[in-house]
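Here is a short briefing on the structure shown below. The points are grouped by topic.

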Amino acid sequence: MLIIDLYTILKDELKNGSNNLVTRPTGQAVRERIERDIEQAPDGSVIGLDFSKVGVIDYSCSDEIVAKLLSRLLAGEYGDKYLVLIGMNENQRENIEVALERKDLAIVAGTREGTKAVLGSLNNYLKDTLEFVAERKKATARELTEAKKIEANTGGTRLLNLYKKRLVRRIGGEGAMWAYEAL
Amino acid sequence: MNQLTEETFEKTLHAFIRSDQIDLRGVTFIDPYGMVGLLEIGELCMLEDIKKTVLLPRSSEVLRYLERMDFFTNAKRYFSLEPMHAPPTGSAGESDVLLEITPIERANDIHYIVSRVEERSQAILAKHLRYDGKAINGFIVALSEICQNIVEHSENKGFVGVQKYRYPSLGRNIVKIAVMDAGIGFRRSLSGRFKLTSDLEAIEKALLHGASRHEDEGRGHGLAAAKRFVEQWQGRLSIRSGTARLSLIPKWARGREREMNLVNLPGSQINIILPEVLNS
């Protein structure tokens, strides 16, 4: 995983000593720095945005950084890459979730204690599928279909939808079948 | 006039705007809304190249408070102060100021405001309002978003001030937040996207429906965040712009939710009162 320390970027961009991600201009400056790093990363990379040294993040900055990066990632602007949030505290999670829900987006977020959960807007059946993949670290449509006792194309579609939302990584599977890996 | 608060400011606004002198000599109490309101009048006068005279309160206690709130630093840009202001002496005691009167012109000002409030949050918000970490975060984010609206939408500068008080009739501590700008106001800000017939409709659109001048779905968080926070903590919120005011009034407070045909005051004027959390 390529880890991007948001505090370091914030310090470089703002030069005012603040460790808070507040205001749209701040979010825009930070996002543009992150975009440069993402563009340089090879296809298939998982990029972790590290919030552990950041204080407050407000809704505007959440939208400007996380929601916009994710929207552009889903639109294919950065190539075949994946984004996760790491080192988050409860308040940061809540504020980012509000921004993601407004745009019907979801992202995998890890806390400072090391737990992971999806943030934002995601259907229950996709959440269930994501949990299935996370438990096993990697899963195929066949494994999902058998475990959940659902039709083969339903299992495949669910995994494909998670992949399209960049919530699981698609890797070459056994034979003609793709495997999907937890981020 | 012996008090300068949101209520009395409204009553004296017409006189303040028309007269060459703003007479505060009899004032024994002034809150952030009163102070920030005076500065907004000063800003509007400066745009018309007018410098009014402010007759300062006789009360040394009020003068000390104005000093603590950094009112004079900002006021001397706009007004001739009489008598010529000399910093009052005497101990200020434990400060109840959460944020001195602070100008808002650019994004960097918001960083300063957030850092300042964060520094004092334990001494004021945790101690006197009994806010936990989550509530303090909500307070800071709501304040950040409201102040950003000035930079993003007003096309002019603004001011913010935050102060803790003891509210005798409620038997609780409260925090008062006043945020104002002398900018284009809600109606003009939203007019590019919405057909609006009144200032009240514009405020309603922004506060109750999350409307923004920008089409992006990610916009319109600011007031929505403030509304959510104020309602969650049983606070009182009022937004005045142009000739109208819309208020969210909790059970413990009084007032009218919708007011129209007020004296025209350009820009926007936001007043928030948050009470101490009671033990459940």
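Chain A has seven helices and eight strands. The model is a predicted one.

**Chain A overall**
- Chain A has 183 residues, for which a compact globule would have a radius of gyration near 16 Å. The value for chain A is 17 Å, which agrees with that expectation.
- Along the principal axes, a box of roughly 55 × 30 × 25 Å holds the C-alpha atoms of chain A.
- Buried residues make up 45% of the 183 in chain A.
- Take the contacts in chain A with a separation of 6 or more: 63% of them join residues 24 or more positions apart.

**Helices α3 and α4 of chain A**
- Helix α3(A) covers residues 59-74 and helix α4(A) covers residues 90-102. Their axes come within 8 Å and cross at roughly 65 degrees.
- Angles of 65 to 115 degrees count as roughly perpendicular, so α3(A) is roughly perpendicular to α4(A).
- The crossing of α3(A) and α4(A) is right-handed.
- On the α3(A) side, the contact uses Y59(A), S62(A), D63(A), V66(A) and A67(A). On the α4(A) side, N95(A), I96(A), V98(A), A99(A) and L100(A) meet them.
- Seven residues of the contact of α3(A) with α4(A) are nonpolar, two are polar and one is charged.

**Helices α6 and α7 of chain A**
- Helix α6(A), residues 141-148, and helix α7(A), residues 152-164, have axes that come within 8 Å. The crossing angle is roughly 120 degrees.
- That angle makes α6(A) oblique to α7(A).
- α6(A) and α7(A) cross in a right-handed sense.
- From α6(A), A141(A), L144(A), T145(A) and K148(A) make the contact. From α7(A), the residues are A152(A), G155(A), G156(A), R158(A) and L159(A).
- By class, the contact of α6(A) with α7(A) has four nonpolar, three polar and two charged residues.

**Contact between chains A and B**
- The contact joins 21 residues of chain A to 19 residues of chain B.
- Three helices of chain B each supply at least two residues of the side that touches chain A: α5 (107-128), α6 (133-154) and α9 (221-232).
- α6(B) gives the most to that side, with eight residues.
- The side of chain B that touches chain A divides into six nonpolar, eight polar and five charged residues.

**Backbone features of chain B**
- Most residues other than glycine have a negative phi, and most peptide bonds are trans.
- The peptide bond from E82(B) to P83(B) is cis, with omega near -5 degrees. P83(B) lies in the loop between β5 (80-82) and β6 (97-104) of chain B.
- D49(B) is not a glycine, yet has a positive phi of about 65 degrees. D49(B) sits in the loop between α2 (32-47) and β4 (53-55) of chain B.
- D49(B) counts as exposed because it has 6 C-beta neighbours inside 10 Å.
- D70(B), a residue other than glycine, has a positive phi near 65 degrees. The loop between α3 (60-68) and α4 (71-78) of chain B holds D70(B).
- D70(B) counts as partly exposed, because it has 17 C-beta neighbours inside 10 Å.

Notes. Residues numbered from 1 in each chain as written. Chains lettered and ligands numbered in written order. Predicted model: local features only at pLDDT ≥ 70, side-chain atom pairs only at ≥ 80, totals over all residues. Helix = DSSP H or I, 4+ residues; strand = E, 2+ residues; numbered from the N terminus. Rg over C-alpha atoms; globule rule 2.2 N^0.38 Å. Buried ≥ 20, exposed ≤ 12 C-beta atoms within 10 Å, placed from the backbone. Contact = placed C-beta atoms within 7 Å. Nonpolar A, V, L, I, M, F, W, Y, C, P; charged D, E, K, R; others polar. Axes fitted to C-alpha atoms, helices over the stretch in contact; angles between N-to-C directions. Parallel < 35°, antiparallel > 145°, perpendicular 65-115°, else oblique. Left-handed = near helix turned anticlockwise from the far one by under 90°.
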